Amino acid sequence: MERTTIISHLLVALCILSNARASVSSDVDAFLGCLISKAVPCNLVKTPGTNSYSELLMSTARNLRYVLPGITRPLAIVAATEPAHVQATVVCGRRHSVRIRTRSGGHDYEGLSYASIHPDEHFAVLDLGKLRAIHIDAARSEAWVESGATVGELYYAIGAANQTLGFPAGNCHTLGVGGHLSGGGFGPLSRKYGLSADNVLDAVVVDAEGRLLNRSTMGEDLFWAIRGGGGESFGVVVSWKVRLVPVPETVTVFSIRRSRNQSAVELITKWQEISPELPRDLYLRVLVQNQQADFIALFLGRCVQLVNTMQKTFRALGMTQQDCQEMSWVKSAVFLSFNKPNSPTEVLLNRTNEDYFAKFKSDHVQEPIPKKAWESIWDKWLVKPEAALLQLDPYGGFMRTISPSATPFPHRNYKYQLNFFSFWFENGTEALEKRLSWVRGVYEDLTPHVSKNPRAVYVNYRDLDLGTNELDGNVTSYEKARVWGEKYFKGNFKRLAAVKSKWDPEDFFRTEQSVAPLPAAKASLNSMQLVDGDMVVAE
């Protein structure tokens with residue numbers, strides 16, 4: 001045996017031995033050995049047998065509910081540092097029956113990117129946190145960004161390169177780019193420029209065969225699916241080419257809080273009517289917390305213009321020039337994430353989050369919720385000690401001009417997105433039950449006033465209350481997956497399932513809420529056709 005071969009075998013053996021305490025079957029040992037044989041450095045592979053396993057697992061575990069006892073942890077975590085490591089992990093996982101869950105920022109609110117609610121789930125986590133390079137081409141108004149970068153890091157890089165470019169993504173600076181764009185990506189520039197996914201120009205994907213594909217080699221069906229179809233069903237997106245959008249050198253923000261006795265309910269009721277019709281340059285959201293309504297705005301212009309607009313459209317709020325804060329767009333990202341405009345832009349580079357337990361739910365509203373209903377919600381739920389947060393984000397503007405089938409995100413024609421956040425810091429069954437009861441209770445009481453048939457949910461606010469997958473033979477049941485899937489994707493779910501059938505027919509990329517392959521009896525990709533540039537599935 002050649003010397004290099006002997007050394008290779010020794011390295012594989014040493015890596016497996018260093019992780020031996022994690023091994024539950026020969027498949028895991030074979031998976032670890034396969035990784036090393038494909039030149040994935042041993043120090044990038046962590047299992048429960050290594051000291052740094054828990055540290056890496058917890059590094060972006062954004063919801064502590066999914067690291068409690070009883071939740072299934074990964075058999076291994078691969079901290080990829082280059083696309084070849086991603087390819088190797090997928091190939092070795094398929095070869096040795098170890099499924100892969102991919103984590104970028106860890107903001108999957110039900111923990112599906114790093115944990116499982118099923119005790120017998122056999123999986124590894126592919127952690128993309130070290131794949132975070134960003135290359136800005138200001139002259140072309142484009143950027144390449146790796147999936148492990150955060151939204152805050154992308155904002156900071158754009159601001160450092162050019163003060164008149166921005167990108168439409170979320171308010172939370174620790175969002176991982178990979179998961180955020182895979183789910184659509186809504187944020188304060190979306191009324192002006194659409195979702196994050198609407199501004200994706202290309203992507204590099206590792207498919208279920210371990211192939212590295214770009215837009216031209218993956219084709220338009222897979223490119224359509226990854227831009228809003230959820231981040232776990234079709235492959236691993238390694239990097240994204242995105243369009244940067246023009247923003248003024250100076251933008252304006254404000255935050256105006258109103259309590260119940262300062263007409264908060266009346267103002268929320270009015271906001272529902274006017275917010276979707278406001279100019280596209282104005283994003284005005286509402287956060288209801290601590291029995292106050294906080295009206296928070298980003299305006300792509302100067303204060304004097306914003307005052308005039310608010311006087312014409314929402315005089316009742318009482319906004320004046322003294323409420324204005326003018327700043328650069330990247331500083332507005334600091335303001336919207338931290339509500340601290342004087343903080344340096346470097347805070348956007350902070351990847352750490354405060355650890356908490358959480359439950360999130362989301363909804364959409366087409367007809368304004370009546371004032372009496374808001375009063376009832378306030379009296380019944382918002383006065384409770386465990387009350388947390390309601391978030392109202394406006395749609396309208398450019399969002400409304402894009403076809404609901406242009407990407408998998410189908411909710412563009414609603415007036416606004418309504419989100420229910422419950423988060424807490426104390427551990428224990430009593431705290432858990434009380435907080436879950438609160439968020440589910442508010443959600444249930446608003447049933448008559450929100451979206452219907454199906455009740456529309458934003459996939460980036462994952463919610464296992466909607467249902468979870470079951471197997472039909474060796475793959476996920478399409479009929480069971482439809483129960484939750486059509487709430488996230490409406491009529492686009494069948495089309496996503498058809499794409500899944502082409503690119504991952506054996507259902508390797510699978511979680512509790514991954515898209516199921518479309519059974520051959522339902523449709524085939526031969527029945528898919530292009531209509532006005534959009535692919536549709538013939539019934």
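**View 1. Helix 4 (83–95) and strand 3 (99–103) each supply at least two residues of the lining of the second largest pocket.** The model is predicted: local features need pLDDT of at least 70, side-chain atom pairs count only at pLDDT 80 or more, and totals for chains, interfaces and linings use all residues. Residues are numbered from 1 along each chain as its sequence is written, and side-chain values use heavy atoms, without hydrogens or water. Helices (H or I, at least four residues) and strands (E, at least two) are DSSP runs, numbered from the N terminus.

**View 2. Threonine 150 sits in the loop between strand 6 (142–146) and helix 5 (151–161).** At 2% relative accessibility, threonine 150 is buried (under 20% relative accessible area; exposed is over 50%, partly exposed in between; 1.4 Å probe, protein chains only). The threonine 150 side chain reaches the backbone oxygen of histidine 173 at 3.5 Å.

**View 3. Alanine 39 has a positive phi of about 70°.** Most residues other than glycine have a negative phi. Alanine 39 lies in the loop between helix 2 (26–37) and strand 1 (45–46). It is exposed, at 57%.

**View 4. A cis peptide bond joins asparagine 453 and proline 454.** Omega is about 0°. Proline 454 lies in the loop between helix 13 (429–445) and strand 19 (471–472).

Terms used
A polar contact is a pair of N or O atoms within 3.5 Å; within protein, one must be able to donate a hydrogen and the other to accept it, and residues adjacent in sequence count only if both atoms are side-chain atoms.
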